[in-house]
Amino acid sequence: MLIITIKQGKEKGLLAGDPWIYVSAIDKVDGKPQERSKPGATAIVQSSSRQFLARAAYNAKSQIAARVWTLREDEPIDHAMMKRRVQAAVARRADAWRTADPQALFQLIDGEKDGLPGLLVHSYGGGDGYLVCQFNAGGVEMWKVPIVQALLAATGCRNVYERCDQLLRQGEGLHVLSRALVGDEPPQKLMVREGKRLAPMDIRTGFTYPR
């Protein structure tokens, strides 16, 4: 596993709850070269005095060099954690999701707020519709399969589409490929409610058609 050593004094933000570690805060990264080159590889973050601070997803290709998974030393980064966090995020919003307008884009997962840094998930059409996922960081990209499996189990939805933000993913050193991950791809044009109005939108890209 990689070990990230933070510069003296730079751990204050991390201890205060900031989930991002920038390149400028890092003194050194120890570990095998092939691991250091993997966007999203799991790393232990330690202080300059070698005290444990966090476990994080490391990405040498990003200005946000590491995104914190957990501040607990006894919490492993594994399939079970991804499942727990997806389930918890969906459960927090379950009542609102079930009663939401099926023609609205409903946010089910909101990245760092749900302990899944870089992951955004929106639902359209309820359980019978589509989940649109954005994996905007190396960590969630690396754990994409268990995350999608957990989403399917937690929502019962059978169609999962990956939407790619080109600038964000290129900035993370990730390939840009939008596609259906499970089931069917959403139609090019759907009517989506925004406030009190319905507007034609391509939920695969977020493009709203002129009326």
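Student: What share of the 211 residues in the protein chain is buried?

Tutor: Buried residues come to 46% of the 211. Keep in mind that this is a predicted model.

Student: How many charged side chains, positive and negative?

Tutor: There are 30 positive and 23 negative side chains. The centres of the two sets lie 1 Å apart.

Student: OK, strand E4. Is it largely enclosed or left open by the rest of the structure?

Tutor: E4 covers residues 41–46, and five of those six residues are buried, so the strand is largely enclosed by the rest of the structure.

Student: Which strands does E4 pair with?

Tutor: One partner is strand E1 (residues 2–6), which pairs with E4 in the parallel sense over four bridges. In that pairing Ile4 stands opposite Val45 of E4. Another partner is strand E5 (residues 52–58), in the antiparallel sense over six bridges.

Student: What holds paired strands together in general?

Tutor: Strands of a sheet pair through backbone hydrogen bonds, and the pairing can be parallel or antiparallel.

Student: What lies between E4 and E5?

Tutor: The two strands form a hairpin with five residues between them. Arg50 is found in that loop.

Student: Is Arg50 buried or exposed?

Tutor: Arg50 has 67% relative accessibility, so it counts as exposed. The cut-off for exposed is over 50%.

Student: Where does Thr42 sit, and what is it in contact with?

Tutor: Thr42 is in strand E4. Apart from neighbours within four places in sequence, Thr42 is in contact with Met1, Leu2, Ala56, Ile77 and Trp143.

Student: Why does Thr42 count as it does for burial?

Tutor: The relative accessibility of Thr42 is 16%, so it counts as buried. The limit for buried is under 20%.

Student: Is E5 mostly covered or uncovered?

Tutor: E5 is mostly covered, with six of its seven residues buried.

Student: What does E5 do on the E6 side?

Tutor: E5 is joined to strand E6 (residues 64–70) by four bridges, and the two run antiparallel. Tyr58 stands opposite Ala66 in E6. E5 and E6 also form a hairpin, with five residues between them.

Student: Changing topic: what's the order of the open sheet of three strands?

Tutor: The order is E12-E13-E14, with antiparallel pairing. Strands E12 (190–194) and E14 (207–208) stand at the edges with a single partner strand each, so one side of each has no neighbour in the sheet.

Student: How many bridges are there between E13 and E14?

Tutor: Strand E13 (residues 197–202) pairs with E14 over two bridges, in the antiparallel sense. Asp202 has Phe207 in E14 as its bridge partner.

Student: Last one, a helix residue. Where is Arg84, and is it buried, partly exposed or exposed?

Tutor: Arg84 is found in helix H3 (residues 79–99). At 43% relative accessibility, Arg84 counts as partly exposed.

Student: How far apart are Arg84 and Trp97 in space?

Tutor: Their C-alpha atoms are 19 Å apart, and the two residues are 13 apart in sequence.

Technical notes
Residues numbered from 1 in each chain as written. Predicted model: local features only at pLDDT ≥ 70, side-chain atom pairs only at ≥ 80, totals over all residues. Heavy atoms only, no water. Pairing = 2+ DSSP bridges. Buried < 20%, exposed > 50% of the residue type's maximum accessible area, 1.4 Å probe, protein only. Lys, Arg positive; Asp, Glu negative; His and termini not counted. Charge placed at Lys NZ, Arg CZ, Asp CG, Glu CD. Contact = heavy atoms within 4.5 Å.
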